[in-house]
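Colleague: I am new to this model. Please take one part of it and look at it closely, then connect that part to what lies around it.

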Amino acid sequence: MFEVTARGRELQARLQEFMDQEIYPAEAQFAEHLADPDKRWTIPTFLEELKSKARALGLWNLFLPDARYGAGLCHLDFAHLAEIMGRCVFAAEVFNCSAPDSGNMEALVLHASDEQRERWLQPLLNGEIRSAIALAEPGVASSDPSNLMSTLSKRDEGYILHGRKWWVSGACDPRCSVLLVMALSHPEAPLHQRYSMLLVPQQTHGVKVTRALQTFGYDAAPFGHGEVEFDQVWLPEDSVLAAPGKAFEVAQSRLGSGRVHQAMALIGLAQRAFEAMLKRAADRVAFGRAIGQHGMTHQAIARSRCELEQARLLTHATASMLDRRGSRLAREHLAMVKIVVPQMACSVIDRAIQVHGGLGLSQDSFLANAYAVARAQRIADGPDEIHMTSLARLLS
Ligand SMILES: Cc1cc2nc3c(=O)[nH]c(=O)nc-3n(C[C@H](O)[C@H](O)[C@H](O)COP(=O)(O)OP(=O)(O)OC[C@H]3O[C@@H](n4cnc5c(N)ncnc54)[C@H](O)[C@@H]3O)c2cc1C
């Protein structure tokens, strides 16, 4: 129904081969790296080597629909690739397609000046640096962006940025070089013109990552979700992205295709959990029968298969709508995807954990971490309720 192009199919086959030959075999190496406390917050050499290999094979910047900067694929073609990458938590980075860099690169393509592109976009496209985006703040309900309190004031041919952000994904990565930061610059202006989006070099005096946050105890090393302090940070005038007061536009422009990418990645992770559930149900015996032969497990398997396919079809439909009608007309679908997919992933992964018994909760399986990733997506990038409210408003 939602037809992939011939080029999309060819890339799927090459990506699948790369996953089988390079990514899955590297998972144990990645786990070993993280198990060493001295290395945990460093980048494993093999990751950079895999990036070089992927780039040489043309499996690079596949998410960018603008062919001047990336692969120039349509959203539907990339959606299928994002599902394949999403099966392994570090895979997307190998193809330079990982959040938050992908969304930040899209924002830079759309809004940056030539100088800003030269300084930040080019090294991001080359995979030489990483980036993060800092919107949420510990002190206020950040699902309402008009609450955000970090300030930007004019000073000495530049600006002073002051405030505290948290859940800044990727900020703990030693390669993270630039933060997109939203700050209140025009408190008297109408709501949607009060905030500016800044490009803040991470190595600026007054910028400090104070800690790495954890979700259910997982710290997402070596990328991390940072709490970041901005203590009277002086920034030159050309640090403003787009124009002063345009932060909402920049933030919005990151979201359309980004939602589809995130959703497909999560579907990939849930699909992998489902496959693990099938295998465990077939291999393990309780009360004289394979676990999969017990009626309750039939339900877990059948429901999971149905929910995965429903979520996948909805996300493909959304990608197709983005291609045909653009992000404005796809708003209903984008909201539905953000509501449906994380909840589906939580349910499927939870059932996979149940079928695995104690193993599913332990560090010997990927499932517990996968659940933490999926559960966080019901809050990250706006909690479920916000997207339900948006959808209901669009329909009223
Ligand atoms: C793993 C992870 C990664 C993240 N990465 C980033 C990042 O890279 N950059 C960044 O800036 N932020 C990031 N965030 C932050 C995230 O966007 C915020 O946590 C989110 O927007 C919610 O804001 P809050 O935590 O302040 O919750 P609050 O705004 O305090 O909301 C708390 C709860 O109140 C309820 N609620 C709020 N509004 C409504 C409403 N209108 N109707 C009904 N109920 C409502 C919801 O149940 C909601 O969960 C990340 C979060 C997580 C967990």
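**The ligand site and its surroundings**

Modeller: Gln354, at 63% relative accessibility, counts as exposed (over 50%; buried is under 20% and partly exposed is in between, with a 1.4 Å probe and protein chains only). Gln354 belongs to helix α10, residues 331-356 (helices, H or I of at least four residues, and strands, E of at least two, are DSSP runs numbered from the N terminus). Between the C-alpha atoms of Gln354 and Ala35 there are 26 Å, with 319 residues separating the two along the chain.

The model is predicted, with local features needing pLDDT of at least 70 and side-chain atom pairs pLDDT 80 or more, while totals for chains, interfaces and linings use all residues. Residues are numbered from 1 along each chain as its sequence is written, and side-chain values use heavy atoms, without hydrogens or water.

The ligand is surrounded by 19 residues, and the closest of them are Ile133, Leu135, Ser143, Trp167 and Glu385 (a heavy atom within 4 Å). Three elements each give at least two residues to this shell: β1 (130-134), β3 (158-169) and α13 (384-395).

A polar backbone atom of Ile133 lies 2.8 Å from a nitrogen atom of the ligand. The side chain of Ser169 also takes part, with an N or O atom 2.9 Å from a ligand nitrogen. On the oxygen side, an oxygen atom of the ligand is 3.3 Å from a backbone N or O atom of Asp381.

Ile133 is part of strand β1, and its 14% relative accessibility makes it buried. Beyond four places in sequence, its contacts (heavy atoms within 4.5 Å) are Pro100, Asn104, Val168, Leu180, Met197 and Arg254. Gly226 is 93 residues from Ile133 in sequence, yet the two C-alpha atoms are 10 Å apart.

Pro100 sits in the loop between α4 (91-94) and α5, and the peptide bond joining Ala99 to Pro100 is cis, with omega about 0 degrees. Helix α5 itself covers residues 101-111 and is mostly covered, with nine of its eleven residues buried. Asn104 is among the buried ones, as are Asp101, Met105 and Ala107.

Ser253 belongs to helix α7, residues 247-253. Its side chain reaches the backbone oxygen of Val250 at 2.7 Å.

Pro222 lies in the loop between β6 (207-213) and β7 (225-236). In strand β7 itself is Gln232, which has a positive phi of about 50 degrees although it is not a glycine. At 43% relative accessibility, Gln232 is partly exposed. Glu157, in the loop between β2 (151-155) and β3, also has a positive phi, near 55 degrees, without being glycine. Its relative accessible area of 71% makes Glu157 exposed.

The helices beyond the site can be followed through helix α8, where 22 of the 29 residues are buried, so the helix is largely enclosed by the rest of the structure. Arg312, in helix α9 (residues 295-329), is buried too, at 11% relative accessible area. Apart from residues up to four places away, Arg312 touches Glu83, Met264, Ile267, Gln271 and Arg305. With Glu83 the contact is polar, side chain to side chain, at 2.8 Å. By contrast, the C-alpha atoms of Arg312 and Arg280 are separated by 24 Å, at 32 residues along the chain.

A polar side-chain atom of His80 lies 3.0 Å from the backbone oxygen of Leu76. Outside four places in sequence, His80 is in contact with Val4, Gln12 and His316.

Key. Polar contact = N/O pair within 3.5 Å; in protein donor to acceptor, adjacent residues only side chain to side chain.
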